[in-house]
Structure formats: C-alpha cells, structure tokens
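Dear colleague,

I am handing over the structure below, together with some notes on what turned up when I went through it. Please read the notes with the model open beside them.

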Amino acid sequence: MEELNNFFARLIPFTEWPMFILLIGGGLFLVFYSRFLPYRFFGHAIAITAGKYDDKKAKGEVSSFQALSAAVAATVGLGNISGVAIAIHDGGPGVVFWIWITALIGMCIKFYSCSLAIMFRGTDSEGKVQGGPMYYITQGMGKKAKPLAVFFCICGMFGFLGVFTANQFTETFMSVVNPQETLWAISDFNWKLLIGIVLAVVTSFVIFGGLSNIAKVASAIVPFMVFVYLMAVIVVMAMNSSEILPALKMIITEAWNFKTIVTGGFWGLVIIGIRRAMFSNEAGLGSAPMYHGQSKTDQPIREGLVAMLGPFIDTILVCTFTAVVIILSGAYLEDGSGIVMTLTAFERTLFGYGDDLLMIIVTAFALSTLFTYSYYGVKSLSFLTNAKIGRYYNVYFVIMIVFAAVASLELVKNLIDLSYALMVIPNMIAVLYLAPKVNAAAKKYFIQLEDGKT
C-alpha cells in the first residue's frame with residue numbers, strides 16, 4: 001500500500017496545470033461565453049426541479065428531481081463533511097474561499113455538460129438510452145474523438161470507486177463507537193476489515209438492483225439527510241453566532257495569505273481548494289452528466305439548469321456550513337484530518353452528542369454515495385465493452401470497498417485525486433468544443449419559453 005501511495009503521489013503534480021487550465025480557465029471562459037446565463041435563470045431552475053415542467057412522454061428513466069437527487073447523493077456526503085476538513089487540514093481556513101470560487105465556476109460547467117448529456121444521448125448494447133461524456137464526445141465531436149471517450153472511461157473505472165466513502169465511514173465508526181472497547185476486543189485491522197465486509201454486503205443489495213432502485217433510494221434518503229445535517233449545523237451556528245463573522249473573515253483573509261505555510265505556498269493553497277471543490281461537487285469531472293443523461297426530458301437546456309443547482313447545494317451551502325463549524329469549534333487547530341476533525345467539531349459544539357448525530361448522517365450519506373458511484377463505473381465499463389459485461393464492475397466495486405476500509409486516508413485520497421484530474425482532461429475538452437451548440441440551443445429554448453411553447 002505504501003509503494004502504491006508513493007506512485008500516485010509522484011504522478012499527481014503532473015496533472016495540476018492541465019486541471020487548473022481546463023477547470024478554472026475553461027470554466028471562466030464558459031461563464032463569460034454564456035453571458036452569465038445559468039446564474040440569471042436560477043429561479044427557473046428551481047421551478048423545473050419542483051416538477052413544474054415535467055413531461056411524462058419524454059425519453060429517459062428518471063425525473064429531473066430524481067436525477068438531481070442521485071447526482072447530489074454522489075456529491076453531498078463525505079466529500080463535503082470530511083473533504084472540507086481535509087482541505088482545511090492541508091491548506092488552512094483560506095482554502096474554503098478557493099472552494100467557493102471553483103463551485104461558482106462549476107455551476108456554469110455543470111450547465112453546459114449536463115445540457116450536452118441530453119443533446120447527445122446514445123444507446124447501449126441493450127438498446128437503453130444513455131448519456132454522459134463518452135456519448136457527447138463520440139457523437140458531438142465525431143468518431144475521431146473516440147480515444148478521448150475511452151481514456152475517460154478507463155480513468156472513471158478507478159475514479160468512480162467508492163473508496164474514499166468506505167474509508168471515511170470506517171474512520172467514523174472506529175472514532176465514535178470505539179468498537180474494541182464497547183463491542184468486541186479484536187485488533188484495529190480486523191474491525192476495519194469487518195466494517196468493510198458489512199458495508200460491501202449492504203451496498204450489494206441495492207447496486208445489483210439497477211438504476212431505478214438507486215434513484216428511488218437516493219431521492220428518499222438524501223433530501224432528508226441534507227435537511228438533518230443543515231439543521232444540526234444551523235443549531236451550532238445559532239449557539240455560536242458571535243463566532244460566525246470572525247470565521248468567515250478568517251476564510252477570506254487567509255485565502256490571500258501569500259506567506260502561508262501550506263505545501264507549495266499560495267499556488268498550493270489554490271490547488272487544494274480546486275481539488276476539494278471538484279471532489280465536493282464534481283463539476284468538470286463528467287459524472288453528473290451520466291445521471292442527468294437519463295432524465296425524462298427532451299429539453300437539454302432545462303436539464304442543464306437543474307444540474308447547475310448541484311454545486312450550489314453541495315458546495316456553497318453544505319461545505320460552507322461545515323467549514324464554519326470546524327473553524328469556530330477550533331477543531332482545525334488539531335492534528336486530526338478528514339472525518340475525525342469534523343467529528344471533533346460536532347462533539348464540542350452539540351452538547352457532547354454531535355459526533356453520534358454525525359455518525360447517523362454519515363451512514364446515510366455513505367450508503368447513498370456508494371449506491372450512486374457504482375452506477376457511474378458500470379456505465380464506464382459498459383461503454384468500453386457492452387452492457388452485459390459492464391455489470392461485472394459492481395463485483396470489482398464491492399471488493400474495493402473492503403480494500404478501502406483497511407487502507408490509509410492518504411492512499412485513498414491520492415488515488416481519487418489522480419483519477420479525477422485525469423478525467424477532467426477529456427471531459428472539459430469536449431465541453432469547451434461543444435459549447436457553441438449549447439448556446440444555440442439555449443437561445444432557441446428561451447425564445448420558446450417567452451412565447452409559452454415549452
């Protein structure tokens with residue numbers, strides 16, 4: 001595991017510049033190229049999500065709300081709760097500012113990529129409607145671009161493993177329950193292995209049932225758990241209201257700390273913010289278009305607007321609240337990273353029971369994330385082979401849950417960071433290349449909307 005970790009750590013620096021140029025440079029280009037369109041129609045996006053424009057006759061498997069819930073299930077979760085803690089641990093409070101900037105740009109990237117997912121839908125070997133980067137790359141850019149789609153899918157088979165979630169859930173259980181003392185006196189390793197096996201078995205029951213099962217479970221669990229988590233955070237903030245403004249001030253001032261002690265200085269601070277924001281909301285990664293490509297709609301722009309809400313919900317709201325609690329509790333000044341830091345913050349601020357509440361929330365988030373991520377991997381392998389072989393990805397996915405439970409946080413983090421950075425390259429090239437088609441469709445859509453024809 002140590003050798004593997006060192007190998008990933010050596011490769012990651014080579015991906016930093018391409019990721020920065022495509023995600024931030026490309027994203028800023030889309031913001032201005034769209035003339036701020038996604039932000040201007042934020043209210044319309046909420047109306048679509050609420051089902052005001054649902055068309056039961058349209059192609060697709062799930063409603064826009066279910067697609068957003070499933071996509072948010074994969075992003076609102078441990079990426080926000082422990083991902084923010086890792087970011088603050090690695091880069092200090094100022095890193096949160098760069099997470100915000102990346103998320104705002106990410107809203108525009110999501111608008112373009114998920115519009116393309118509906119615009120260029122394909123079918124798999126079983127004739128089912130499919131969407132995602134591999135389809136808009138091959139159909140939008142042409143057959144010559146197929147190597148980009150293949151590269152995306154190969155990276156996706158590693159990036160879409162639920163390893164980070166399994167690892168952080170295991171850490172939460174070990175930290176809160178302390179099973180060696182409270183349940184059964186066996187070694188740390190054996191407990192982690194046992195948790196990994198149980199998690200793998202529970203995940204198997206849902207993921208072998210297919211997309212409709214995943215969408216139903218995700219749309220039932222996620223909104224409720226997000227609500228419970230936000231309520232817990234709001235209670236903490238209300239009880240420590242005098243500390244909120246100083247915490248936000250610290251985020252903004254530290255973001256521009258050129259003498260920062262972060263590895264890599266100011267550039268390192270920005271890169272950590274971009275990585276953790278991408279891990280939080282997955283904008284530019286190409287995962288959300290796979291879900292939104294399944295939506296029951298024939299209006300690409302409508303789906304793009306729904307998808308745009310994802311980064312706002314999971315990063316601007318959830319990540320900010322988590323960061324404020326970590327900062328005002330003082331937990332960021334201690335050694336713990338990841339979920340352990342967030343657990344410390346909640347235990348201190350919620351009458352000593354905050355870590356138990358967070359354990360319940362993390363369990364729901366962990367399971368919903370595992371259910372949704374497996375689907376992305378199945379689609380990647382199905383594109384490379386066929387739909388029948390693609391289902392075998394779930395077997396590999398379940399085995400890797402057990403591996404992740406006993407692996408170090410550093411190894412898991414490096415595997416995901418490397419895979420994500422590589423996936424951004426083919427996806428963002430395609431999104432930037434096909435952006436004019438989205439603009440043309442948007443112009444047509446809003447003319448129809450004004451005329452009452454949509």
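Lys192 and Glu171 form a salt bridge in which the closest N and O atoms lie 3.4 Å apart, a salt bridge being a side-chain nitrogen of Lys or Arg within 4 Å of a carboxyl oxygen of Asp or Glu. This pair links distant parts of the chain, since Lys192 sits in helix α12 (residues 188–207) and Glu171 in helix α10, 21 residues apart; helices here are DSSP runs of H or I with at least four residues, strands are runs of E with at least two, and both are numbered from the N terminus. Lys192 is buried, with a relative accessible area of 18%, whereas Glu171 is partly exposed at 23%, where buried means under 20% relative accessible area, exposed means over 50% and partly exposed lies in between (1.4 Å probe, protein chains only).

Before going further, please bear in mind that this is a predicted model, in which local features need pLDDT of at least 70 and side-chain atom pairs count only at pLDDT 80 or more, while totals for chains, interfaces and linings use all residues. Residues are numbered from 1 along each chain as its sequence is written, and side-chain values use heavy atoms, with hydrogens and water left out.

Glu171 also takes part in a helix contact, as one of the residues through which α10 meets α18. The axes of α10 (residues 163–177) and α18 (residues 339–349) come within 9 Å and cross at roughly 45 degrees, the axes being lines fitted to C-alpha atoms over the stretch in contact, with angles running from 0 to 180 degrees between N-to-C directions. The two helices are therefore oblique to each other, a class that takes what remains once angles under 35 degrees count as roughly parallel, over 145 as roughly antiparallel and 65 to 115 as roughly perpendicular. The crossing of α10 past α18 is right-handed, that is, the near helix is turned clockwise from the far one by less than a right angle. On the α10 side the contact is made by Gln168, Glu171, Thr172, Ser175 and Val176, and on the α18 side by Ile339, Val340 and Leu343, contact meaning heavy atoms within 4.5 Å. These residues divide into four nonpolar, three polar and one charged, with Ala, Val, Leu, Ile, Met, Phe, Trp, Tyr, Cys and Pro counted as nonpolar, Asp, Glu, Lys and Arg as charged, and the others, Gly among them, as polar.

The structure holds four salt bridges, and two further ones deserve a note. Asp298 pairs with Arg121, the closest N and O atoms being 3.8 Å apart; Asp298 lies in the loop between α16 (288–292) and α17 (300–329) and Arg121 in the loop between α7 (95–119) and β1 (122–123), so the pair ties together parts that are 177 residues apart in sequence. Asp298 is partly exposed at 45%, and Arg121 is buried at 13%. Lys413 and Glu410 form another salt bridge, again with 3.8 Å between the closest N and O atoms, and, being three residues apart in helix α22 (residues 409–450), they are separated by about one helical turn. Lys413 is buried at 9% relative accessibility, while Glu410 is partly exposed at 39%.

Lastly, there is the backbone of one loop. Arg35, in the loop between α1 (2–33) and α2 (37–40), has a positive phi of about 55 degrees although it is not a glycine, and Phe36, which lies in the loop between α1 and α2, has a positive phi near 60 degrees. Arg35 is exposed at 66% relative accessibility, and Phe36 is partly exposed at 39%.
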